[in-house]
Amino acid sequence: MPQKLAAVAAWALLCFLAYASVSPIGARPTLPSSTSLEHVAAFAAVGFLFQLAYPRHVVFVWFVVIGSAALFELMQLVTIDRHARLVDAFEKMAGGSMGIFVGRAALYFEQTLRRRQI
C-alpha cells in the first residue's frame with residue numbers, strides 16, 4: 001500500500017511540476033525563496049517519491065526524473081513568456097538525483113532494520 005501511495009504522489013507532483021514549468025509566468029506558483037532552491041527541492045521530492053514508488057526499477061526512475069527535468073526546460077522554449085536555461089535544467093537534475101539517492105538510502109536502511117528484527 002505505501003508504494004501505491006508513493007506512486008500516486010510522485011505522478012501527481014510530476015504533473016504539478018509540468019504545469020508550473022510551462023504555465024504563463026504570472027500563473028506560476030512561487031515561494032518566498034530563490035528559484036534555484038525551488039528547482040532543487042521540487043525535483044528532490046519527485047526523485048524521492050519515485051524511488052519509493054518503484055524501488056526495483058532504478059533505471060526507469062532515473063529516466064523519468066532526469067528526463068522530465070530536461071523535457072520541462074525544453075517545453076519552455078515553446079512558451080512566449082518563459083525561457084529555458086541550462087542552469088535551471090542542471091538544478092532540477094541535481095535535485096532529482098539527490099532525491100533518488102536519499103530514497104535509495106531510506107529503502108536500504110529500512111531493509112536493514114527489517115532484517116535485524118527477524
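User: Is E91 buried or exposed, and what is the nearest side chain of opposite charge?
Analyst: In this predicted model, E91 is buried and has no salt bridge. The nearest side chain of opposite charge is R85, at 5.2 Å.

User: Why does R85 not count as a salt bridge partner of E91?
Analyst: A salt bridge requires a side-chain nitrogen of Lys or Arg within 4 Å of a carboxyl oxygen of Asp or Glu.

User: Which helix holds E91, and what does E91 contact?
Analyst: E91 belongs to helix α4, which covers residues 86-117. With neighbours within four places in sequence left aside, E91 contacts T35, S36, H39 and V40.

User: Changing topic: how many residues are in the largest nonpolar core, and which have the most contacts inside it?
Analyst: The largest nonpolar core contains 13 residues. L14, F43, V46, F50 and V65 have the most contacts inside it.

User: Which elements give two or more residues to this core?
Analyst: They are α1 (2-22), α2 (35-53) and α3. Of these, α3 gives the most, with five residues.

User: And what does L14 touch?
Analyst: Not counting residues up to four places away in sequence, L14 touches V46, F50, V64, S68 and F72.

User: What about the surface: which residues make the nonpolar patch?
Analyst: L74, L77 and V78 make a nonpolar surface patch of about 350 Å².

User: Where does L74 lie, and why does it count as exposed?
Analyst: L74 lies in helix α3, residues 58-75. L74 counts as exposed because its relative accessibility is 53%, and the cut-off for exposed is over 50%.

Technical notes
Residues numbered from 1 in each chain as written. Predicted model: local features only at pLDDT ≥ 70, side-chain atom pairs only at ≥ 80, totals over all residues. Heavy atoms only, no water. Patch = residues over 30% accessible without salt bridge, like charges linked within 9 Å, V, L, I, M, F, W, Y side chains within 5 Å. Areas by Shrake-Rupley, 256 points an atom, 1.4 Å probe, with all protein chains shown as cover. Helix = DSSP H or I, 4+ residues; strand = E, 2+ residues; numbered from the N terminus. Buried < 20%, exposed > 50% of the residue type's maximum accessible area, 1.4 Å probe, protein only. Lys, Arg positive; Asp, Glu negative; His and termini not counted. Contact = heavy atoms within 4.5 Å. Core = buried A, V, L, I, M, F, W, Y, C linked by side-chain atoms within 4.5 Å.
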